[in-house]
Amino acid sequence: IQPSGVIMKQMRKSNLSIFAVVFSLFLVGIIMYNDNVKSIAYLTSPSPFSSLFGDGGAVELPPEECDLFTGKWVFDNKTHPLYKEEQCEFLTEQVTCLRNGRKDSLFQNWRWQPRDCSLPKFKARVLLEKLRNKRLMFVGDSLNRNQWESMVCLVQSVVAPSRKSLNQSDDPRKHSIIDRIIMPESIEKHGVNWKDVDFLVFNSYIWWMNTVYIKVLRGSFDEGDTEYDEIRRPIAYERVLRTWGDWVDHHIDPLRTTVFFMSMSPLHIKSSDWGNPDGILCALETTPILNKSMVFNVGTNYRLFSEIGTDYRLFSSVENVTQSMKVPIRFLNITALSEYRKDAHTSVYTIKQGKLLTREQQNDPATYADCIHWCLPGLPDTWNEILYTHIISKSSSYLHVLYVGVIVLPLFLLGCYLYNEKQRFGQFQEFKKDNLQEENKEKKIGLVSLEVCDVFTGKWVLDNVTHPLYKEDECEFLSEWVACTRNGRPDSKYQKWRWQPRDCSLPRFDAKPLLEKLRGKKLMFIGDSIHYNQWQSMVCMVQSIIPSSKRTLNHTAQMSIFITEEYNTTISFYWAPFLVESNADPPDKRDGKREPIIMPGSISKHGENWKDADFLVFNTYIWWTRHSKIKVLRRGSFITNESEESNEVGIYSMYEEVLRTWKNWLEQNINPNRTSVFFSSMSPTHVRSSDWDVNGGVTRKCEKETEPILNMSKPVDVGTNRRLQEIAVNVTKSTAKVHVTFLNVTTMSEYRKDAHTSFYGSRNGRLLTPVQKADPRTFADCYHWCLPGLPDTWNEFLSLYIIHRS
């Protein structure tokens, strides 16, 4: 102890000594750590830890740092196949295509090459060392058994014949069940066999694809019950995944067990999907699909332009459920890379009901070709290469952590100790005080970091303590059009739902910080009536803290302007439903009865009113959805009533042209150092109750909806035009000079079928009559939103960005 005390006394004399020691220790630790990382994880040469890896097993890039599922197929007859069919005694007749008469063998020689990295060479000894005294289990259908057979063949060659065995209890006759019935909430009988496993690999897909509706048993198989309900496939699948997810969360210890879920294995039953109209299912295919132009991006991953039988609604359900679970799930997305492999199926070189196909059956591929399962060696070996990469990279990560714990961390902690000792003598007290104030400030705003938290992904939570954010009768600026309670709506629950992001919490809305940020500035909403809806919400959210004598509301031809004298702030709305000039711009033309005509290149007339704003919030959507085509005025003027119109143009190309005009205006007229620009995504409509599966669509539109869609993981399709949204995303991202913040309120709003004005708004400036209310198909407004309500949440997002980013 004494020598340390002497050293500390000497170090107190000099700031330089403290920082020199800290920096030196930390630098040494970093150098040693980096050198060891290189020797362990990236080099194949021997290292002090090589014995832990068996014969190597270096991974060029950990799977967390590389997208292993985006790439291309490369012909490689040197390293592939990874084993030979005749050398694996454990292969069943179902997958031994060459033995069963297949003439070509090129399907065995394709290697998957990820775009930005390389898969490590599969080494059975490395995997078996990792699995020593452990259990790896594949759970699922015959596709997972296909992958299991592949894995057995990949590792068996390095195991002595006397030290390996196989017990097979599968009865192929069980696969012929046509009338398939499930118990979606019953999984315990299976689950008891999974509990003590170290690596679990799940899948479930192909058995769902026989019918559109799934039979769900009322009761139990054990009790001989036979009555069932028929439920749509995506709904039943979602229920089953939730049951599985709950089981995993309650029974799996993630410190011991690693859980994987394999995505859908595609089938190839329609040869025209890959441009071979003369093909017969997959029977005549000998090469993969190599034309990359047949692929397009659908937001989460790449897939063939033709879906070739993959039900992506089920794919989305798996993604959503696995991402929402407490236990980490490694979702291995092998679907897209497998969609290219039309050549790799067992086709007519397989068995049916436990017997090889006869010559007559092989000559009838249209009836007998199996385009579901895969030959071995073949595609499932690639799935296992990816699985192998994840399993062995986990050990590398643990070694890194171990090395940090043993060498780097103690050095770093020693440096921290010396640094803290210096703080004790008061020389850093001021810094400490400032830092504490900053921490308190962060706590006050709810610890939301917009850089690391996706505020648009989450769930709706009923909260009648903090919501609504204001009361309808306390906001004098609400128009009759959105005051639903005042207009006779009997329920008010729609006002009390709070949005809860998945990975963080929104700070409780406080008008004062927002108005302080807006002091002496102008906030302007530009767009259609949905944006007017949001503008009214914002006015009501801030007006309560402003004395009535210090706030006014003015209306001009195309603007509504809320002015706060106390903060010298204006919050205004500018009517421009298409952003560019249109025949819907004059105030008396806002009813939407006239067929819209636009001038896609003319925006400067509107833009003159936007130039001096400090915060611009744009939207344009609802008016685009009324027709598949739109009339375009290329020459002339609405003012002079000249009408040299072009032919009608499709909305998609015209929407993009308009947004390009808007983008160009921004880059020529907006100074990003002064003005922050936002673009709000599409506000959804709820006009078909069948979209959310209520009473089989008996209710009409949104008329009787009183609660959100609470199954947040279920993909919802309520008529939102995704193509228009994709165009908006692409254009806003392409703005180079002016940054545009894209506020993606669409998905979270799609769940709010309960929040529309329905009967309780106005139509053409008048409340609905009893006769109109009796005709919801015509008069229920499922476009606009009651206030207080959903637009308040949109403004919570907007306020968050204004306060913390501008």
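This is a predicted model: local features need pLDDT of at least 70, side-chain atom pairs count only at pLDDT 80 or more; totals for chains, interfaces and linings use all residues.
Seven strands build an open sheet with mixed pairing. Their order is β19-β20-β21-β18-β24-β28-β29. The edges are β19 (551-555) and β29, and each of these pairs on one side only. Between neighbouring strands, the average turn is 15°, with direction ignored.

**Parallel pairs**

| Strands | Sense | Bridges | Partner residues |
|---|---|---|---|
| β18 (residues 522-527) and β24 | parallel | 4 bridges | Phe525 and Val617 |
| β24 (residues 615-618) and β28 (residues 676-680) | parallel | 4 bridges | Phe615 and Ser676 |

How many of the residues of β28 are buried? The count is 4 of 5, and the strand is mostly covered. Ser676 of β28 is the bridge partner of Phe615.

Val617 of β24 is the partner of Phe525.

**Helices on the sheet**

Helix α14 (residues 529-543) packs on the sheet. It touches β18, β19, β20 (559-564), β21 (569-575), β24 and β28. The direction of α14 makes about 165° with that of β21.

Helix α16 packs on the sheet too. Which strands does α16 touch? They are β24, β28 and β29. The direction of α16 makes about 170° with that of β28.

**A helix pair**

Helix α16 (residues 651-669) also meets helix α17 (residues 722-733). Their axes come within 10 Å and cross at roughly 25°. Angles under 35 degrees count as roughly parallel, so α16 and α17 are roughly parallel to each other. The crossing is right-handed.

On the α16 side, the contact residues are Ile651, Tyr652, Tyr655, Glu656, Leu659, Arg660, Trp662 and Lys663. On the α17 side, they are Arg723, Leu724, Ile727, Ala728, Val731 and Thr732. What is the make-up of this contact, by nonpolar, polar and charged residues? It holds 9 nonpolar, 1 polar and 4 charged residues.

Conventions: Residues are numbered from 1 along each chain as its sequence is written. Side-chain values use heavy atoms; hydrogens and water are left out. Buried means under 20% relative accessible area, exposed over 50%, partly exposed in between (1.4 Å probe, protein chains only). Helices (H or I, at least four residues) and strands (E, at least two) are DSSP runs, numbered from the N terminus. Two strands pair if DSSP finds at least two bridges between them. Axes are lines fitted to C-alpha atoms, for helices over the stretch in contact, and angles run from 0 to 180 degrees between N-to-C directions. Angles under 35 degrees count as roughly parallel, over 145 as roughly antiparallel, 65 to 115 as roughly perpendicular and the rest as oblique. A crossing is left-handed if the near helix is turned anticlockwise from the far one by less than a right angle, and right-handed if clockwise. Contact means heavy atoms within 4.5 Å. Ala, Val, Leu, Ile, Met, Phe, Trp, Tyr, Cys and Pro count as nonpolar, Asp, Glu, Lys and Arg as charged, and the others, Gly among them, as polar.
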